[in-house]
Amino acid sequence: MRLSSIKIYLFISFFTTTGFTQPIKDRPLELWFKRPASEWNEALPVGNGRLGAMVFGDVHSERLQLNESSVWSGSPADFVNPKAKESLSEIRRLLFEEKYVEADELASNAMMGDKRVESSYQTLGDLKLNFKYASSALADYKRNLNISNAIASVNYSIDDVTYTREVFSSAPDQVIVVRLSASKQKSISFILSQSRTGDKAKFTIDNKILYMREHVNSGSGVKLVSALKVINEGGVVNYLGDSIQVKEADNVTILISAATNYKQKDYEEYALRYLNNAAKLSYLKLKERHITDYQKYFNRVSFSLGANDTVNVPTDVRLSRVKKGHTDPGLITLYYQFGRYLLISSSRPGGLPANLQGIWADGLNPPWSADYHININIQMNYWLSELTNLSELHEPFLKFIDALREDGRKTAKEMYGIEGAVAHFTTDAWRFTETYGEPKWAMWPMGLAWSAQHLWEHYLFTKDLKYLRELAYPAMKDAAEFCKNWLVEDPSSGYLVSGPSISPENTFKTPEGKVATMVMGPTMDHMIIRELLTNTIDAAEILKVDEKFRESLRQVRERLTPTRVGKDGRILEWTKEFEEPEPGHRHISHLYGLHPGKELTKDSLLLKAARKTIDYRLAHGGGHTGWSRAWIINFFARLHDGELAYENLMALLQKSTLPNLFDTHPPFQIDGNFGATAGITEMLLQSHNDEILLLPALPKAWENGSIYGICARGGLVVDLDWKQGKLDQVSILSKTGGVFRIRYGSQIKEMDAVKGKRYKLNGQLH
């Protein structure tokens, strides 16, 4: 089925019916700078989910670093360690006997696969435009990215001529568009060339189209093609073998199409078809179609924190001021909407999910291969999708999870000898589910089980039964089947435990003082499994299927090791209170049940223990990576602590944000952008415990504001206004109908909603 067929009520369609005052806009919603980008981390991203570009904006030599989402090295491969299945029981025995180091050594030898086919996301290449001017008297330079219409621009004057460049990536026409214009005729002259790292790409010009072709990594990856056409208004165009010269044009439009054989067997024809179709349209028509398509997503949410006196200050200067302790509420709303912009630009129905860098990555070996880490990173990429009214953009990840099942069933059988489907800490475009590397990050079979939470969440937000039946439940069932068969009884407690497994990427000290990583029964595993079993049972009940399987899951859930609190009042991360070599570790995995799960939010004692856990991590330097700090924002939002959520949002901007507002791990990693946008939404609206919480973590710094168009579970779209730190009014649109409960402070109101009807209440929920 097509998830995009789910009905979405656009923000723009219901905004005028609310009766509310239109929120103050920090005009315009743009990132802007007074100088070109000096490096990649200062360039500005455009994208349509598949085709992306980083725009540098140099006056004399423009660089557009290009990406296409399926440009991957590598290929499908099987690499289950043949010793794994026969070694499983011995590793478990060693762990139950607390011989942790010996178990680690055996797992390193017997469980880790030999992944010989290296794979990485890669750049498509570079487009270079070298300009010729009569003078070098530069003035009025401005480089900007308008996230209201998804267009990057460069504007400047030389002598009496004003030059403008506009760059966007069109989803309806599947091309990157570059528009060059000038205030005076015959003023545009440049030489265009393309390049790709490695010097293996072949460049040809045929029928006035510049082609680039390469079989990635000397044949170990995809075959790619890009096709470029120059459309001039006035002047002369010369084709020079592998470059294009434009002389004295009035205006120029450059169209770039690209494709690979990852999905398209006729990829060259595919790219050429889009290029030729786009060339039939005027620039204004291409721009209009692009903006209309983009704004149908972006305009669903409006967010304001009041008037702002810094909109006329360049973005990098604003960020620098925040790093020095200044407040800038407009920068927060810009950062929030930038997160939504990035998801719209890097994840579209029918495509691959956003990777560690969205779709923007330079070179042939970006950090961590810009792959799909499924031990938090890709999940964090999609935390904002449902909350911020971008439900359809969740689809690439949901379908990717479903596609992992085929190899996941094979890995479960060959590696562990059990039924169901499994995936470990990471995967790639080829969807492998085996594990490799070192046990301290790799011996973790919960990647698919965690990802399955997203399948259920999409249903909770949309109530789409067809989707639940056809896509979500079968994948959830496979993941639950693996977990049911994976668990074994702990001989000392009688409870069921997961293992051998880890608390992702963290280590502990054994009683002998040695560093180890694996245990039988890490807390995070049990939180994920408990939630997965519950969600799968609920889904099966809704669909009225698999009664015996449901009952088997209930029995397993009853025997699962409960979440425990240590002597010092913190949530236990492992089976015992081990000393930690890295007490400020970036992963806080044992708080999965606080966020994105909900287990810890239902018990006041566990909530208290969760807070102690966070405090301990932060006191020892935790939150030092961007995505980790973003997770902490969500934790404090769930704890209803607006001040500490805000404090950590400020820390994210001050310590882990690049000049172009990209998140840094370091280096750049996009999950922090997405996670922080989700966290801001959680500060203003929550719905994970069968009730709608209004302004649950509103900080004092946001005394007045509004946010319209965000979403709650149960098919609800919510508009909020607040004044002097208190709720002023709320409007809720029910897309599906049904009973829901609203809570604001101590006030509670239950409503039986009619599908398609909007309900308006004041600050007292009347």
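Predicted model: local features only at pLDDT ≥ 70, side-chain atom pairs only at ≥ 80, totals over all residues.
A residue counts as buried here when its relative accessible area is under 20%, as exposed when that area is over 50%, and as partly exposed in between.

Y382 and F397 are both buried. Their rings form a stacked aromatic pair, with 5.3 Å from centre to centre and 20° between the planes. The two residues come from distant parts of the chain, 15 residues apart: Y382 sits in the loop between α9 (377-381) and α10, while F397 belongs to helix α11.

The structure holds 42 aromatic pairs in total. Another stacked one joins F338 and Y341, whose ring centres lie 6.0 Å apart with 15° between the planes. This pair has a local setting, since F338 and Y341 are 3 residues apart in helix α8 (residues 329-346), a separation of about one helical turn. How accessible is F338? Its relative accessible area is 0%, so F338 is buried. Y341 is also at 0% relative accessibility and counts as buried.

## Salt bridges

Side chains of opposite charge can pair when their charged atoms come close. The model has 49 salt bridges, and three of them are set side by side here.

| Salt bridge | N to O distance |
|---|---|
| E268 and R213 | 2.9 Å |
| R300 and E392 | 2.9 Å |
| E414 and K410 | 3.2 Å |

Take the bridge between E268 and R213, at 2.9 Å from N to O. It links distant parts of the chain: E268 lies in helix α5 (residues 267-279) and R213 in strand β12 (residues 209-215), 55 residues apart. E268 has a relative accessible area of 27%, so it is partly exposed. R213, at 29% relative accessibility, is partly exposed as well.

The bridge between R300 and E392, again 2.9 Å from N to O, has another setting. These partners also come from distant parts of the chain, 92 residues apart, with R300 in the loop between α6 (283-298) and β17 (302-304) and E392 in the loop between α10 (383-387) and α11 (395-416). Are the two partners buried or exposed? R300 counts as buried because its relative accessibility is 2%, and E392 counts as buried because its value is 7%.

E414 and K410 meet in a salt bridge of 3.2 Å, N to O. Both residues are in helix α11, and they are separated by about one helical turn because they are 4 residues apart. E414 is partly exposed at 37% relative accessibility, and K410 is partly exposed at 32%.

Some salt bridges share partners. In this way D568, R570, E573, E580 and R617 are joined into one network.

## Charges over rings

Two arginines from the salt bridges also turn up beside aromatic rings. R213, the partner of E268, lies over the face of Y211, at 4.5 Å from the ring centre. R570, a member of the five-residue network listed above, lies over the face of Y616, at 3.7 Å from the ring centre.

## A loop asparagine

Where does N149 lie? N149 is placed in the loop between β6 (138-146) and β7 (151-158). Its relative accessibility is 17%, so N149 counts as buried. Leaving aside residues up to four places away in sequence, N149 touches H290, I291, Y294 and Q295.

## Annotated regions

For residues 686-752, the unreviewed UniProt entry lists "domain: Alpha fucosidase A-like C-terminal". Here the chain is 0% helix and 63% strand, and the end C-alpha atoms are 19 Å apart.

Methods: Residues numbered from 1 in each chain as written. Heavy atoms only, no water. Salt bridge = Lys/Arg side-chain N within 4 Å of Asp/Glu carboxyl O. Buried < 20%, exposed > 50% of the residue type's maximum accessible area, 1.4 Å probe, protein only. Contact = heavy atoms within 4.5 Å. UniProt positions renumbered as here; feature names shortened; annotations may be inferred. Phe/Tyr/Trp six-rings, centres within 6.5 Å; stacked < 30°, edge-to-face > 60°. Lys NZ or Arg CZ within 6 Å of the ring centre and 35° of its normal.
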